[in-house]
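These are my notes from a first look through one model. I went topic by topic and wrote down what I found.

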Amino acid sequence: MSLSATSVFDSERILRGTSVRHVEYHPVLESTNATACELLTALVENGPALVLTASQTAGRGRKGNSWWSSTGALTFSLVLDPDSLGLSPERRLLVSLAAGLAVRDAVAALLPTRSVMVKWPNDVYVAQQKVCGILAELHSQNGQLGLIIGIGINVNNSLRDAPPEVAARAASLFDLAHQSFDLTALLIDVLQNLDRRIHQIASQPIGFLAEVNRHHMLSNRQVSLRCADTSVSGTCLGVDESGQLVLRVQDVVRRFAGGAVTSWT
Ligand code: BTN
């Protein structure tokens, strides 16, 4: 499939350095996940495919939230055929955790003196500031199933330009390191890491889980989780082999497949 218009990103380098076979680049998009949904059949057929933009104007977050970003952020969606992953349906749930770990490793390589952690299910934090959010969605179009992994990393933008409620809990790599980074290089690193982690889920699931837990910022902390209409608080024991958050709640070990972590101490 031919390339879309060129950009601040180097599509040739992305195609050479990763397993991506098509780059769908648009200078401005409302949401790379929304575009991935619209073009799903073609992207899966020509995949792995990447939907990439230099400026996302209406990013989608988890649980119907919006995702703020500005020019200089890295916003993209990777589109995969879930049947091509070599994973059982249960293990496919771990791909979203793998994406968080892939970003963590890439960001940690750029900020070697900082502690870069994953927060279940797949946010990436530096200290107490969120630098990356991930929205993984399974969609079907014309009977074709596609896994869309949308990743937003605040890189060369600054949270100074963000609404106050976002700026209070997030940071960009520029804000933290006072320097700019090569967006194409970071993207390639994330995609290579993700490929490696997906293979690790299949070949070494125990090692994969150990890596998630080694870099998990909630472990041993008091965590409050909102799920459906209730809120639960407990000590976080980690993430289990099916990707669930494990909490000890009043001496009972409970596992949570979903929910939003609202606070931790
Ligand atoms: C979250 O933390 O709530 C998830 C945020 C996910 C944002 C990324 S940016 C690229 C991709 N396109 C979207 O519309 N959302 C994801």
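**Ground rules.** I am reading a predicted model, where local features need pLDDT of at least 70 and side-chain atom pairs count only at pLDDT 80 or more, while totals for chains, interfaces and linings use all residues. I number residues from 1 along each chain as its sequence is written, and side-chain values use heavy atoms, with hydrogens and water left out.

**Cysteines.** I searched the whole structure for disulfides (pairs of cysteine sulfur atoms within 2.5 Å). The search found zero. I then checked Cys236. Its sulfur is 13 Å from the closest cysteine sulfur, in Cys227, which is too far for a bond. I also looked up burial, where buried means under 20% relative accessible area, exposed over 50%, and partly exposed in between (1.4 Å probe, protein chains only). Cys132 has 0% relative accessibility, so I noted it as buried. Cys236 also counts as buried, at 0%.

**Cores.** Next I looked for nonpolar cores. Such a core is a set of buried Ala, Val, Leu, Ile, Met, Phe, Trp, Tyr and Cys residues joined through side-chain atoms within 4.5 Å. In soluble globular proteins, nonpolar side chains tend to be buried together. The largest core here has 69 residues. Leu52, Leu74, Ile149 and Ile151 have the most contacts inside it. Which helix gives the most to this core? I found that α5 (residues 95-110) does, with ten residues. I take helices (H or I, at least four residues) and strands (E, at least two) as DSSP runs, numbered from the N terminus.

**Aromatic pairs.** I counted two aromatic pairs in the structure. Rings of Phe, Tyr and Trp (its six-membered ring) pair if their centres lie within 6.5 Å; planes under 30 degrees apart count as stacked, over 60 as edge-to-face and the rest as tilted. I looked at Tyr125 and Trp264. Their ring centres are 5.7 Å apart and their planes stand at 90 degrees, so I logged the pair as edge-to-face. Tyr125 sits in strand β7 (residues 123-126) and Trp264 in strand β14 (residues 260-264). The two are 139 residues apart, and the pair links distant parts of the chain. Tyr125 is buried, at 5% relative accessible area. Trp264 counts as buried too, at 19%.

**Backbone.** Where are the cis peptide bonds I noted? One runs from Gly47 to Pro48, with omega near 0 degrees. Pro48 lies in the loop between α3 (40-45) and β2 (49-56). Another runs from Trp120 to Pro121, with omega near 5 degrees. I placed Pro121 in the loop between β6 (116-119) and β7.

Last, I looked up positive phi values outside glycine. Lys63 has phi near 55 degrees. Its loop is between β3 (59-60) and β4 (66-67), and Lys63 is exposed at 57% relative accessible area. Asp251 has phi of about 70 degrees. I found Asp251 in the loop between β12 (245-249) and β13 (252-256). Asp251 is exposed, at 74%.
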